Amino acid sequence: MVILAVQHPVADFDAWKSVYDVNNPGTFGAKFARVNQMVDNPNMVTVVMGFESMDAANDMANNPELKADMDKAGVTGPPRFEFYHEVEVVEY
């Protein structure tokens, strides 16, 4: 599993979330996604998602529809994309 974490500031979390709910990572092929807000800044969002391959994760990161969705959702700064290989999953 390839993990893609995308962090970006938004103008208004609720407005961003309404766009995200329609155009979520699943529409781009993600197998799961987790939405996170920074504790001391709820308008700083990190979405962590999983893909079957690096190609699939790159396809989402480079999809022009993603940029359009981010603009529509009120992303106010450049997103930071980070890619990881999942090593272990443990839930307690």
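User: Why is K67 called exposed?

Analyst: Happy to start there. K67 has a relative accessible area of 52%, and exposed means over 50%, so K67 counts as exposed. Please keep in mind that this is a predicted model.

User: What makes K67 and D71 a salt bridge?

Analyst: The closest N and O atoms of K67 and D71 are 3.1 Å apart. The rule asks for a side-chain nitrogen of Lys or Arg within 4 Å of a carboxyl oxygen of Asp or Glu, so this pair qualifies. Both residues lie in helix α3, four residues apart, which is about one turn of the helix. D71 is at 47% relative accessibility and counts as partly exposed.

User: Why can such side chains pair at all?

Analyst: Side chains of opposite charge can pair when their charged atoms come close.

User: How many salt bridges are there by this rule?

Analyst: The count comes to three. K17 and D21 are four residues apart in helix α1, so about one helical turn separates them. The side chains of R80 and E82 also meet in a salt bridge, at 3.1 Å from N to O.

User: How do you know that the buried residues of α1 are on the same side?

Analyst: The buried residues of α1 are F13, W16, V19 and Y20. They cover an arc of only 130 degrees around the axis, and therefore sit on the same side of α1. The face turned away from that side carries the exposed residues D14 and V22. What covers the buried residues includes β1, β2, β3 and α3.

User: What is found at the start of α1?

Analyst: There, a side-chain oxygen of D12 reaches to within 3.3 Å of the backbone nitrogen of D14.

User: Which residues have the most contacts inside the largest nonpolar core?

Analyst: That core has 20 residues, and those with the most contacts inside it are W16, V45, V47, M49, F51 and M60. The elements giving two or more residues to the core are β1, α1, β3, α2 and α3. Leaving aside neighbours within four places in sequence, the contacts of W16 include V45, V47 and A73.

User: What makes the pairing of Q7 with T46 a polar contact?

Analyst: The side chains of Q7 and T46 make this contact at 3.3 Å, and the limit for a pair of N or O atoms is within 3.5 Å. Beyond residues up to four places away in sequence, Q7 touches M38, M44, V45, T46, P78, P79 and R80. R80, at 44% relative accessibility, counts as partly exposed.

Terms used: Residues numbered from 1 in each chain as written. Predicted model: local features only at pLDDT ≥ 70, side-chain atom pairs only at ≥ 80, totals over all residues. Heavy atoms only, no water. Core = buried A, V, L, I, M, F, W, Y, C linked by side-chain atoms within 4.5 Å. Buried < 20%, exposed > 50% of the residue type's maximum accessible area, 1.4 Å probe, protein only. Contact = heavy atoms within 4.5 Å. Polar contact = N/O pair within 3.5 Å; in protein donor to acceptor, adjacent residues only side chain to side chain. Arc of directions from axis to C-beta.
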